[in-house]
Amino acid sequence: MASQNELLSKAEDVADKVTRNSKHILPHLARFCLVSTFFEDGVRMWVQWSEQREYMDISWGCGWFLATMFVVVNLIGQLGAVAMVLTRYKVDIACGVLFFIVVLQTIAYSILWDIQFLFRNLALIGALLLVLAESRVEGKSLFAGLPSLGENKPKMYLQLAGRILLVFMFLTLLRFEASLMQIVQNLVGTLLMVLVAIGYKTKLSALVLVTWLNVLNFYFNAWWNIPAYKPMRDFLKYDFFQTLSVIGGLLMVVSLGPGGVSMDESKKKW
């Protein structure tokens with residue numbers, strides 16, 4: 001037991017060292033990864049303009065004008081909001097636009113009835129909540145010289161909601177197979193998911209999940225190996241960038257910490 005605690009302590013030290021050494025890069029990398037799926041989808045709306053418009057018209061029978069407006073809103077809304085998040089300009093408005101895009105696509109593409117896609121969109125919303133939490137941190141720092149009026153409760157609850165929603169991404173990765181390796185992966189993944197959600201050993205758990213999710217993403221979603229004419233290429237590309245956005249959310253957890261509503265924060269008061 002003592003050796004296990006010592007090993008865990010060393011792992012936490014490594015995680016803290018990684019966080020300290022990358023503190024100037026990590027927030028930028030997290031935001032870049034997080035908005036990648038919106039950037040990719042915005043570019044796809046431009047490249048596949050006609051196909052997307054025809055798909056909406058056929059699926060909903062909404063006519064040429066409404067189908068075109070759907071593509072325009074997705075194109076301008078996503079690329080504009082991505083630029084705003086990356087430049088930290090009106091981040092709350094940018095996140096509001098991206099929230100709207102996620103909800104719009106959930107309804108338009110009938111994702112509401114597909115559990116796997118719905119869970120991934122919930123995880124994406126969780127990642128956006130963490131971007132909002134980061135913008136609130138920056139807002140408070142502008143008045144660092146003034147006395148604090150107490151804890152930033154909205155930020156704390158944004159971080160909590162973001163952490164919990166990120167868990168939905170890993171639920172889509174669980175595979176119920178009889179192989180020993182798959183059972184071990186499910187157990188380890190579930191444990192790490194729970195630790196991130198409750199905010200216990202948060203930075204270490206999130207870093208391990210980032211590494212694990214990157215490996216799975218590059219292995220299972222290698223869209224660049226699929227010829228451009230095959231539909232599977234678009235499906236894998238969609239999965240790849242959505243997973244990359246959740247990785248960005250986890251990196252944001254590492255950068256910001258778990259927040260006030262977490263076991264890590266509660267331990268400091270014990």
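**Entry 1: Glu 40 and Arg 44**

I began with Glu 40, whose relative accessibility is 10%, so it counts as buried. The model I consulted is a predicted one. I then looked up the partner of Glu 40 and found a salt bridge with Arg 44, in which the closest N and O atoms are 3.8 Å apart. Both residues belong to helix H2, which covers residues 26–47. They stand four residues apart, about one turn of that helix. For Arg 44 I noted a relative accessible area of 18%. Since buried means under 20%, Arg 44 is therefore classed as buried.

Which other residue forms a salt bridge with Arg 44? I found Asp 41, with the closest N and O atoms 2.1 Å apart. Asp 41 and Arg 44 are both in helix H2, three residues apart, again about one turn of the helix. I recorded Asp 41 as buried, like Arg 44.

**Entry 2: Asp 239 and Arg 120**

I next examined a salt bridge between the side chains of Asp 239 and Arg 120, at 3.0 Å from N to O. Asp 239 is in helix H10 (residues 231–256) and Arg 120 is in helix H6 (residues 115–141), so this pair ties together parts that lie 119 residues apart in sequence. I noted that Asp 239 and Arg 120 are both buried.

**Entry 3: the network and the total**

I also traced a network in which salt bridges with shared partners join Arg 31, Arg 88 and Glu 134. For the structure as a whole, I recorded five salt bridges.

**Entry 4: the loop between H4 and H5**

Where does Arg 88 lie? I located Arg 88 in the loop between helix H4 (63–87) and helix H5 (91–108). Its phi is near 60 degrees, a positive value in a residue that is not glycine. Arg 88 has a relative accessible area of 34% and is partly exposed. Lys 90 is in the loop between H4 and H5 as well. Lys 90 is not a glycine either, yet I read a positive phi of about 50 degrees. With a relative accessible area of 44%, Lys 90 is partly exposed.

**Entry 5: Arg 163**

Is Arg 163 buried or exposed? I found a relative accessibility of 1%, so Arg 163 counts as buried. Arg 163 is placed in helix H7 (residues 153–171). Leaving aside residues up to four places away in sequence, I listed the residues that Arg 163 touches, among them Val 196, Ile 198, Thr 202, Val 253 and Pro 258.

Notes: Residues numbered from 1 in each chain as written. Predicted model: local features only at pLDDT ≥ 70, side-chain atom pairs only at ≥ 80, totals over all residues. Heavy atoms only, no water. Salt bridge = Lys/Arg side-chain N within 4 Å of Asp/Glu carboxyl O. Helix = DSSP H or I, 4+ residues; strand = E, 2+ residues; numbered from the N terminus. Buried < 20%, exposed > 50% of the residue type's maximum accessible area, 1.4 Å probe, protein only. Contact = heavy atoms within 4.5 Å.
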